[in-house]
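Please keep the sequence and the structure in view while reading.

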Amino acid sequence: MTEVTLNRVGALPQIFPNPDDYLFVTGLAGPARDAAALTGDGANMFTMAGCMGASMTMGLGMALGAPERDVVVIAGDGEMMMNIGSLATIASQAPKNLTIVCVDNGGHGETGGQDGHTSVRTNLAKVADGFGIENVLTVSTDAGLKDAAEFVKSGDGPRFLWLRVMAGEPTKFKRNMNPAECRVRFKAAFQAA
């Protein structure tokens with residue numbers, strides 16, 4: 001596989017320079033912290049805790065329920081592997097307004113930094129393509145972030161962005177970890193829009 005030189009810190013703001021234009025759904029751990037920093041823990045972001053693997057199906061439901069809004073799922077590689085079959089459902093439903101970003105550091109930071117499958121041979125871009133997602137992009141360098149920013153705004157979804165990053169700590173941002181408060185906040189903001 002291609003050498004990974006991309007630092008995750010600061011990557012999402014380059015891909016989504018106007019985060020208020022999207023509804024975000026995040027899973028656990030580092031990717032959720034990165035997304036919270038992107039939005040300032042904004043009301044347009046629904047984060048979960050303890051629901052490993054649920055962000056993709058949650059994002060699919062949002063995209064189908066709100067076809068006029070652009071929905072972005074931000075998940076890590078461990079979470080992606082936990083519910084990898086949901087990519088087949090996403091491909092079959094094919095919501096045009098859904099983008100999935102997998103922030104892949106090749107390890108499981110939430111449970112102690114064990115190596116993940118993507119650090120060995122698993123290629124999530126091929127997996128997404130094999131499930132039937134037609135728009136797939138892999139980025140593993142700083143130079144690729146411009147392409148990523150164009151990709152998330154191009155054509156119809158669903159889109160799958162495999163953002164391969166170096167091992168390292170996520171953004172230092174403390175997000176609201178109260179799922180009930182996050183749900184109420186997100187619902188109120190969504191209904192007001």
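Predicted model: local features only at pLDDT ≥ 70, side-chain atom pairs only at ≥ 80, totals over all residues.

What is the volume of the largest pocket? The volume of the largest pocket is about 520 Å³.

**The largest pocket**

- The lining of the largest pocket consists of 26 residues, and those closest to the pocket centre are Ala29, Gly30, Pro31, Gly109 and Glu110.
- At least two lining residues come from each of helix 2 (29-39), helix 4 (77-82) and strand 5 (107-108).
- Helix 2 makes the greatest contribution to the lining, with 4 residues.

**Helix 2**

- Besides its part in the pocket lining, helix 2 is mostly covered, with 8 of its 11 residues buried.
- These buried residues are Gly30, Pro31, Ala32, Asp34, Ala35, Ala36, Leu38 and Thr39.
- After helix 2 comes Gly40, which has a positive phi, near 65°.

**The nonpolar cores**

- In soluble globular proteins, nonpolar side chains tend to be buried together.
- The largest nonpolar core of this model has 25 residues, and Met80, Leu87, Ile90, Ile100 and Phe160 have the most contacts inside it.
- Two or more residues of this core come from each of strand 1, helix 3 (55-65), strand 3, helix 5 (86-93), strand 4, helix 6 (124-131) and strand 8.
- Helix 3 provides the largest share of this core, namely 4 residues.
- Apart from this core lies another, of 23 residues, which include Ile15, Val101, Val152 and Leu161.
- Phe160, one of the residues with the most contacts inside the largest core, touches several partners beyond its neighbours within four places in sequence, among them Met80, Leu87, Ile100, Cys102, Leu124 and Phe151.

**An exposed loop residue**

- Met177 is found in the loop between strand 8 (159-164) and helix 8 (179-192).
- Is Met177 buried or exposed? Met177 counts as exposed because its relative accessible area is 52%, and the cut-off for exposed is over 50%.
- Met177 and Thr47 are 130 residues apart along the chain, yet their C-alpha atoms are separated by 8.2 Å.

Terms used. Residues numbered from 1 in each chain as written. Heavy atoms only, no water. 1 Å grid on protein atoms, 1.4 Å probe; cavity = no way out; pocket = protein on both sides within 12 Å on 5 of 7 lines; lining within 4 Å. Points joined across faces, edges and corners; volume = space filled by probe spheres on them. Buried < 20%, exposed > 50% of the residue type's maximum accessible area, 1.4 Å probe, protein only. Core = buried A, V, L, I, M, F, W, Y, C linked by side-chain atoms within 4.5 Å. Contact = heavy atoms within 4.5 Å.
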